[in-house]
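Dear colleague,

I am passing on the structure that I have been reading, and I would be glad if you kept it open beside this message while you go through the notes below.

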Amino acid sequence: FLRNAHPFDVEPRGRGGLLQRFCRLALISTILLDRLSWSSARFLPVHPAQFRFACVEMARARTNTHGLNLRIVLACGLAALQLTGAVSDPRPVTVEARSYAETLTDISNLSTGLQTQLDSGSAGAVLDAASQILAALGAASGTSKRRTARLLLATEAERAADTVVRCGIAPQIISSISSGVSESLALSAAAALNSLYSAPSEISDACTTVLTQALDVLIPYLARDWQQVPATAITQHLSDAIGNSLEALSLMYDRAEVTSSLTATRMAAILTHLENLLALSTHGSLTGESFLAVTSPNVKSRAARLAAPITSARRSGGGNESETTTVTAISFSFVQTTVQMPTMALPMAISVVPCSTTGAGATICQTGSVSASLIHFTQFFDPHFYDASASLVIASVLGFQLQAFGLQAPIAMDTLSSTITLKFLLTTIPSPVRDSRGHYKVPACVTWGGNLSSVSPPGGWSRTGCTTGGVDGAQFIECFCTRTSYIASVGGGAQHTVLNVPGDCTGTPYGSQSMDGCAVCGGEKSNF
């Protein structure tokens, strides 16, 4: 049996066991036991990412029967299954995995030791352990695939139990970085946040609070040196966590766990962190370089550093000099959206990073430049799904922001002298059918205004600052906007999209013109 190195099969039996939810793993290439080798051990349903080792003990008997004690242990030290018994030819053995409830209890018990580690000063070890525990929780619960396909254990009680354990670990992440951050600690914290949000359906508002608190610490740390290119692994972990947090917030809203106003507050904070993360991804770059791609769940983003020289001119009739910042033109296309900004003159001087001194004592000063961020929400994901006009959105949502390079300082662009052209692919063409007044549905270009109680349209989308162009044969519509980037009244970056709204007989969104009794649009004859 052992000498001939036959494969050893473990066959799962029963429903609901942890073992059945794992895929194939070639467990061990060779194990040497008392001069005997056992090769090509084959276990059918084990997840390779979650297991560290397997301990196998065998005692030879005088017959062709062997005592067997097999134990598979998760990377975090949790026993996934244990088997003890006798094996004889042929070698199939049946094992029963630990139940889901037992596994969840074991994982919860593991998390209780994190605070003790943290108290002893082992912040890095706590973050690494948190990531391992969260990975074990994801393997046990089946994470998003189970929730989507509703194949295994997809009950609300189990989801709620997973959420309690998952978000119970979250406070240890922020506690680990509250006293200071290093590069290695930032990487461990970013990985832990990514693991925390790997199952969006198992997130509560307590987790969202921890995410924003952690980003309040990590992003300023990463942005501390504009000459330093941020570590890709850290920014990608944070980007993935933010992308999944958007879906998590949507699911919480669907379950009525958060109100519209609280959702708006949480979303504004998350989007601000995303904009700042994109801006700092341009650190260490030169003006004129190609846009950097930053892709995460629900979001495809691009960021680049653009030249923005500052000029001064004497005002006519004397007086102080006026300053102007001229931002380089932008032209970029996603699949469903396009941005075209001409060279733009802004009536102010943007902030510039401080001069630096080289080792030789030379002083180097930077000219004006900006970090441009384009945020395209994929799969027509609407970040303002909680808004009264959410059902009226008929295009992708596109975010656009300029920040003073290296300073995390958004540039206000409320009333531009030139227009920025945005193009959107419409998912729905408004119905051209007119009512008795000649009114019909029309597309309207809008910018997020944040006032959830506004009207025409209802909710937070606003038509202020954008005019609507025509629709071409490919169902793309043009929007001409003089308001974008950072809008002071909103206190955040701008998002743009298109709504399907009522139009009057002239096609004006929310217009007041109607057909008169002689079928003249805007005529004075009364109806009869």
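Gln 475 sits in the loop between β26 (466-471) and β27 (476-481), where strands are DSSP runs of E with at least two residues and helices are runs of H or I with at least four, numbered from the N terminus. Please bear in mind that this is a predicted model, in which local features need pLDDT of at least 70 and side-chain atom pairs count only at pLDDT 80 or more, while totals for chains, interfaces and linings use all residues. Residues are numbered from 1 along each chain as its sequence is written, and side-chain values use heavy atoms, with hydrogens and water left out.

Although Gln 475 is not a glycine, its phi is positive, at about 70 degrees. Most residues other than glycine have a negative phi. Gln 475 counts as partly exposed because its relative accessibility is 33%, given that buried means under 20% relative accessible area, exposed over 50% and partly exposed in between, with a 1.4 Å probe and protein chains only. Ala 519, in the segment after β29 (492-503), is likewise not a glycine and has a positive phi of about 60 degrees; with a relative accessible area of 57%, Ala 519 is exposed.

Turning to the helices, α5 (residues 156-177) and α6 (residues 183-196) pack at an angle of about 165 degrees with their axes 10 Å apart, the axes being lines fitted to C-alpha atoms over the stretch in contact, and angles running from 0 to 180 degrees between N-to-C directions. The two are therefore roughly antiparallel, a label for angles over 145 degrees, whereas under 35 is roughly parallel, 65 to 115 roughly perpendicular and the rest oblique. Among the residues that meet are Arg 166 and Ile 177 in α5, and Leu 185 and Leu 196 in α6, where contact means heavy atoms within 4.5 Å.

Which residues have the most contacts inside the largest nonpolar core? That core has 73 residues, and those with the most contacts inside it are Ile 177, Leu 193, Leu 196, Leu 238, Leu 246 and Phe 377; a nonpolar core is a set of buried Ala, Val, Leu, Ile, Met, Phe, Trp, Tyr and Cys residues joined through side-chain atoms within 4.5 Å. A second, separate core of 33 residues includes Ala 372 and Met 413. Not counting residues up to four places away in sequence, Leu 246 touches several residues, including Met 267, Asn 298 and Phe 385.

With best wishes
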